[in-house]
Amino acid sequence: MAWVLKMDDATIESGLVHDFDASLSGIGQELGAGAYSMSDVLALPIFKQEDSNLPPESKTKNPPFQYVLCAATSPAVKLHDETLTYLNQGQSYEIRMLDNRKAGELPELNNKMVKSTVRVVFHDRRLQYTEHQQLEGWKWNRPGDRLLDIDIPMSVGIVEPKTHPSQLNAAEFLWDMNKRTSVFVQVHCISTEFTPRKHGGEKGVPFRIQIDTFTQGDGGEYTEHLHSASCQIKVFKPKGADRKQKTDREKMEKRTPQEKEKYQPSYDTTILSECSPWPDAAYTSTSQAATPSFTSTPLSTYTTSSVLDSDSSSPNHQADTGGHGNSEQLSPAASIQDAQKWLLKNRFSSYTRLFSHFSGSDLLKLTRDDLVQICGPADGIRLFNALKSRSVRPRMTVYVCQESPQGSPLLERHCTIENGEHRSSASLHVYHALYLEELTAAELIRKIASVCDIPLGRIHQVYRQGPTGIHILLSDQMVYNLSDESCFLISTVKDELGEGLHLILK
């Protein structure tokens with residue numbers, strides 16, 4: 001059986017209109033302002049469970065201090081990079097010391113003084129490892145100057161400011177957290193003073209201004225660390241920071257809006273971000289500056305033993321090793337202990353601590369630029385040459401043979417057997433090679449004395465046999481004009497007293 005529902009067209013149309021209006025009103029109710037409440041949504045069990053895993057706001061760590069450097073940040077820094085601030089050399093900049101504690105936090109600091117140490121240090125990790133050598137080199141180039149100073153007349157609220165003569169890059173002071181405190185600092189070093197001079201002023205190395213704050217310990221000394229913060233800076237010559245800031249701003253103005261979104265805006269002040277405290281083994285200037293040393297031994301101080309010990313007649317003579325010319329080359333398989341011994345043996349004792357964890361392979365992997373940046377130009381090049389076993393090439397080579405009586409080792413004699421009889425004949429003169437690093441008469445005489453086993457003090461005069469057998473006194477000019485790989489036969493003549501010798505080069 002089938003049921004048939006008969007409805008006229010008007011009834012159907014009115015019903016559809018009513019249903020459509022009802023659906024629209026329902027949509028309005030669902031999207032109404034009172035339809036959803038965030039508190040009701042967050043009250044759901046799933047959100048309660050996640051919320052229980054979050055740390056309470058009261059448990060989040062709040063830094064007790066905040067330090068604000070009153071200098072604008074660069075606009076040419078990308079979003080996720082650390083801020084960069086340009087400073088002028090010698091200009092006073094304010095650093096505001098702010099108490100950032102919440103109510104009831106660290107009550108033991110109330111009505112107490114704290115000590116802060118402000119220092120300028122290297123941002124580059126590689127330069128941090130060689131901070132002592134870098135700052136000693138700066139001190140040698142600028143005697144009497146400091147890297148960092150406190151402008152005491154402009155500072156507010158600081159007590160007992162101190163700068164130690166042994167710490168040129170740091171200063172300390174006491175201050176009361178309940179009072180307004182601002183310290184004005186001056187940075188006297190510029191970023192390009194620590195570069196290998198390959199770039200212009202804008203390519204200088206970045207520094208960091210770091211502040212470490214301490215409170216009094218049980219012994220009354222300010223040794224208990226409370227807080228540390230730092231920021232990245234570059235230091236230019238006077239007014240150079242202003243020009244650099246203007247240049248960066250103009251470059252950013254030329255970028256498209258999409259490109260600008262990738263960069264941080266420039267802020268009027270720089271907030272120092274939290275960091276680890278600076279190590280206790282900070283830079284301390286030694287009484288003797290690490291200055292390049294160039295020694296020259298007078299000719300009169302040479303003795304026969306010193307000539308023999310120097311092995312100066314060897315072509316592999318190392319001028320930089322300070323010892324024997326055949327000093328051992330550092331092996332890639334050398335252990336850390338062996339590498340330390342090699343550094344000490346080759347007069348790099350000041351860098352043994354720096355390379356205390358380097359094996360032979362680690363040292364040999366360092367490039368020339370790495371060593372120059374780590375050790376400075378002078379010692380860096382010297383260490384690179386020593387690692388690569390670069391010998392000093394002699395300026396001239398001379399061959400000599402000594403005329404001597406029969407049986408001398410310098411005159412080789414061959415014995416032949418003919419008809420059962422022994423017959424000896426001087427058939428071969430043995431020459432020795434002398435390698436001259438200096439083209440002087442004294443240098444040649446020392447080398448001759450060494451190979452001929454003649455005490456240097458017994459040689460009175462040295463002559464060169466000239467045309468028609470005349471004897472010409474040996475001079476620096478004569479040695480300078482000798483041809484390379486010249487050959488000489490040396491004859492010895494006793495003086496009138498029989499104590500000294502005259503040498504004749506034939």
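Is Phe348 buried or exposed? Buried, with a relative accessible area of 1%, where buried means under 20% and exposed over 50%, with partly exposed in between, using a 1.4 Å probe and protein chains only.

Before I go on, some housekeeping. This is a predicted model, so to speak: local features need pLDDT of at least 70, side-chain atom pairs count only at pLDDT 80 or more, and totals for chains, interfaces and linings use all residues. Residues are numbered from 1 along each chain as its sequence is written, and side-chain values use heavy atoms, with hydrogens and water left out.

Okay, rings. Rings of Phe, Tyr and Trp (the six-membered ring for Trp) pair if their centres lie within 6.5 Å; planes under 30 degrees apart are stacked, over 60 edge-to-face, and the rest tilted. That rule gives eight aromatic pairs. One of them is Phe122 with Phe194, edge-to-face at 5.0 Å between centres and 85 degrees between planes. Phe122 sits in strand 4 and Phe194 in the loop between strand 8 and strand 9, so the pair ties together parts 72 residues apart in sequence. Helices (H or I, at least four residues) and strands (E, at least two) are DSSP runs, by the way, numbered from the N terminus.

Six strands make an open sheet, ordered 16-13-19-20-17-18, with mixed pairing; two strands pair if DSSP finds at least two bridges between them. Strands 16 and 18 are at the edges with a single partner strand each, so one side of each has no neighbour in the sheet.

What about strand 13? Six of its seven residues are buried, so the rest of the structure largely encloses it. Five bridges join strand 13 to strand 19, and those two run parallel; Tyr399 has Cys487 as its bridge partner there, and Gln402 stands opposite Ile490. With strand 16 the pairing is antiparallel, again over five bridges, and Val398 faces Leu434 across it.

Last stop, Lys262, in the loop between helix 7 and strand 11. Lys262 is exposed, at 56%. Leaving aside neighbours within four places in sequence, Lys262 is in contact (heavy atoms within 4.5 Å) with Lys78 and Leu79.
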